[in-house]
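Please look over the structure first.

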Amino acid sequence: MSRLKRKIAPYLLVLPGGLWLLIFFAVPMIAMLSLSLQEGDIVAGYRFTGHWQNYTDSLSAYQTQLIRSLIYGAVATILLIAIAFPMAYWIAFYGGRRKGTYLFLTLLPFFVSFVLRTLSWQQILADEGPVLSPIRDLGLVGPAFHILGTPVAVIGGLVYNFLPFMVLPIYVALERIDPRVVEAARDLYANPIITFRKVVFPLALPGVFAGVLMTFVPASSDFVNSEVLGSSETTMIGQVIAAQFLDNSDYPTASALSFVLMVVLLIGVFTYARILGTEDVMKVAAR
Amino acid sequence: MAASHNVDPSLLRGLTQRRFGRRDALRLSGLAGMGAALAACGVQGRGTQAPASAEPDAVAKFWAGKAKNGKVDFANWPLYMDPKRPELAKFTKETGIKVNYQEVIQEMGPWFAKVQPQLTAGQSIGFDLMVITNSFQFSQFRDSGFLAPLDHAKLPNYAKNAGAAYKKEEFDPGNAYSIPWASGMTGIAYDRKKTGRDITSLADLWDPEFKGKVGMFSDVQELGNFGLLALGINPKGSTEDDWKKAADHLKKQKSAGIVRNYYDQSYIDRLGSGDVWLTQAWSGDVFQKNISDNKDFKFVIPKEGGTIWTDNMTIPITAQNPVDAITLMDFFYEVGNASALANYINYVCPVPAAQPQMRTDAGKLTGEDQDAMLAVANSKLVFPTAAEYSKLHYYVSFEATSEQQKFQKTFEPIVLG
């Protein structure tokens, strides 16, 4: 009896999470996969016919937006690493007793609603807002110059909104580095640059990888920043999917596009993991 | 937040490395079951299309045995009634029917998508009365059989007071399923100080002088209509060829960099912040913006014509309190109530007698209050004259859903760049 219990125990432990995944992930995924292969319209209803052309049709109609989203996501992620790494480095190594405070400050914007924060940028960057008006009055830019509605505004919004998701994982990785390892590098006559390049950075890679996972994926599929800060020239794939689902009730096209996006993102992330040899760095991080 | 710890190394390994084994065999056998699961996931629709006008026995069948329950759940758009809801308080006092008023409708597409599953399953959507625009979705609601046929014997005030134009609407012949809440015009709003000249024509929206300062609507019907009108084509009765020509015309406007963006309701704030100088606009918004922000934006129906649309009160087929709902619908056609509503919302009032009523009421006020009410009473945007109506066009009327989809697919690429 007790042996049986011992055998069942692990399954019982995984049961809540497993059920959660089954009900809220697996079932909707299957429903969506089915939808992506259906034909019809919202009044007559959609029926499963294995209509795979939904994929080719939607992809040829919206490949521009898909590629644009991946580029925006990638640019935003690279900028995020460039901004977040020094921040995290400074907090981890020079934060002293106030580390907690600095981390809290990084997170502080998160206590304001995501949409509200983005909308406030719309006000700040408006053509006659507090930033552009003085610059234009000084004659630094022409009368037609604007930021809203350009890729700069959209990528800027993505970077701004996802910054904590990059700072925190990198910070955690850096924080775990044993100071004695750095000291050892110094003792062996490595200068600060080489110490950073050969010791600190490789040890921080798991954090960077986690940060990329948590920013590149949502940034590429984001539909708020472009909606609020962009224009029709910056439409991202997330907006297209939302419009197909909500405005047109064209569920098959929306589902097909969602699947394409998911597959492309998975391929991107795993290629990246392979190139970096993430398995090794993950092992180091888990130690 | 130890994010790097959340990613289980073995999970990553499992995802990045291919492993073969017994599980693959299980997965293969699962695929067969998956096929069945896929086929079972169809989205149910209402295959048969309901007739455009309800048959007399349909009305009798729906209303038979229905009685007053003393409450009504009302779904409407934001900013479509005085926030203090004086009309509803009056209604409750007169009839004893309590009103639960919710501003839950923001856009037609999402609203249809939200209530469609319940209506298909024959379940209540939690509302007995909803205000919907005469857009694609109006016919989708009607053709799916989601709207209750109205019993006009219960609408005496409507029969007496509604303007002639509001009794023969193209999209709902004989008002079988709907009566208007308010109408509005789509024209051009502009900031005279920025444009430096008066805007009179749709051609101004294509003027390179305003490069990057022109706003258009993201709603494909609104956008398509203006493309058609700019080419001198009446949207009503336009053909697929016309749509393609209009789309090309709109694409030129876009590729020349004249259009700043395609907006939803947010266009009015973009006009306020100076991002756009002239934009496609809805009549009531300009009126309200000028009053609330002390601005002096102009609204014009272009000489080529504008469009008129109507938001309509309808009863969902699964309504729990339809008698209370139709009582409330008729209440808004009493002249005094129609006048009070129009005085607040500043959209086109379907009750012409509300104009003299408003003038009389204004006579009892003094100073600024009187000026404000007279401004509404005399506004051509609230009570258009015959000259205005003659410049207004109705939306494209679609015979079938497939035609709607063609229209949508023609203009959508412009908005979704």
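Thr186(B) has Thr307(B) in E9(B) as its bridge partner. The two strands, E4(B) and strand E9 (residues 306-314) of chain B, pair in the antiparallel sense over eight bridges. Two strands count as paired if DSSP finds at least two bridges between them. Helices (H or I, at least four residues) and strands (E, at least two) are DSSP runs, numbered from the N terminus.

Strand E4 spans residues 178-190 of chain B, and 13 of its 13 residues are buried (20 or more other C-beta atoms within 10 Å of a residue's own; exposed is 12 or fewer, partly exposed in between; C-beta atoms are placed from the backbone). Five antiparallel bridges link E4(B) to strand E7 (residues 278-282) of chain B. There, Tyr190(B) is the bridge partner of Leu278(B). Tyr190(B) also stands opposite Lys298(B) in E8(B). Strand E8 (residues 298-300) of chain B runs antiparallel to E4(B), joined by three bridges.

## Strand E1 and its partners

Strand E1 (residues 71-75) of chain B is mostly covered, with four of its five residues buried. E1(B) pairs in the parallel sense with strand E2 (residues 98-102) of chain B over five bridges. Phe74(B) has Tyr101(B) as its bridge partner in E2(B). From E1(B) the chain passes through helix H5 (residues 86-95) of chain B to E2(B), a right-handed β-α-β crossover (with the strands pointing away from the viewer, the path from the first strand over the helix to the second runs clockwise).

E1(B) also runs parallel to strand E3 (residues 129-133) of chain B, with two bridges. In E3(B), Leu129(B) is the bridge partner of Phe74(B).

## Basis

This is a predicted model: local features need pLDDT of at least 70, side-chain atom pairs count only at pLDDT 80 or more, and totals for chains, interfaces and linings use all residues. Residues are numbered from 1 along each chain as its sequence is written, while chains are lettered from A and ligands numbered from 1 in the order in which they are written.
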